[in-house]
Amino acid sequence: MLNKNFIRTGTAIVEMDRIKEMCGNPKFLARFFSPDEIRYIVSRGMSNSLIAENYCAKISFAKAIGTGMRIVKPSEISILRDRLGSPLLITEGRAKMLEERENYIINLSVAHCRNYATASVIITKGPTA
C-alpha cells in the first residue's frame, strides 16, 4: 500500500561565534531578517542565541521546501515568538505564495547551547478542498 503522507524536513546548525562575527556586518541583519524580526531581536538585546536560532530556522525552512534560498529571500521568512516563547515561522512574498499554493503546514523547533544553535522544520500538507 502506497503511503500518501507528504512530509519534508530541513535542519541546520550554526556556530554561535560565526553569528557573532556576521552581526558585525550591518548589512547582514538588513539582508537576512525582516523588519518585524529586527525589532524583536533588538527588543531582546541583540541576543546572539536568538539571532542564531532564527538564522538556522530560515535555512531549515529553505531546505524543507527544497529550493534553498534560490526562490525565497531570507527576509520573506520571519521567525518570531508567541507569548510563551515558542517560535513561529511567518512567510511573506514568494514564500507565502508557495506555502499557500502547496497547502503547507509548517512545524518549527529551535534550540541552542553555549557554542551552537540549531533548528528543524517539518512540513506536511494540509487537507485539500
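Hi everyone, let's start with asparagine 54, which lies in helix α4 (helices are DSSP runs of H or I, at least four residues, numbered from the N terminus). A quick word on the source: this is a predicted model, where local features need pLDDT of at least 70, side-chain atom pairs count only at pLDDT 80 or more, and totals for chains, interfaces and linings use all residues. Residues are numbered from 1 along each chain as its sequence is written, and side-chain values use heavy atoms, leaving out hydrogens and water.

So, is asparagine 54 buried or exposed? Its relative accessible area is 0%, so asparagine 54 is buried (under 20%, with exposed over 50% and partly exposed in between, using a 1.4 Å probe and protein chains only). Its side chain reaches the backbone oxygen of isoleucine 79 at 3.0 Å. Beyond its neighbours within four places in sequence, asparagine 54 is in contact with Phe33, Glu37, Ile41, Ile79 and Arg81 (contact means heavy atoms within 4.5 Å).

Now the helices. The axes of α3 (residues 35-43) and α4 (residues 48-65) come within 10 Å and cross at roughly 155° (axes are lines fitted to C-alpha atoms over the stretch in contact, with angles from 0 to 180 degrees between N-to-C directions). That makes α3 roughly antiparallel to α4, the word for angles over 145 degrees. Glu37, Tyr40 and Ile41 of α3 meet Leu50, Ile51, Asn54 and Lys58 of α4.

Finally, how many disulfides are there? The whole structure has zero (the cut-off is a pair of cysteine sulfur atoms within 2.5 Å). For cysteine 23, the nearest cysteine sulfur, in cysteine 56, is 12 Å away.

Technical notes: Helices (H or I, at least four residues) and strands (E, at least two) are DSSP runs, numbered from the N terminus. Angles under 35 degrees count as roughly parallel, over 145 as roughly antiparallel, 65 to 115 as roughly perpendicular and the rest as oblique. A polar contact is a pair of N or O atoms within 3.5 Å; within protein, one must be able to donate a hydrogen and the other to accept it, and residues adjacent in sequence count only if both atoms are side-chain atoms.
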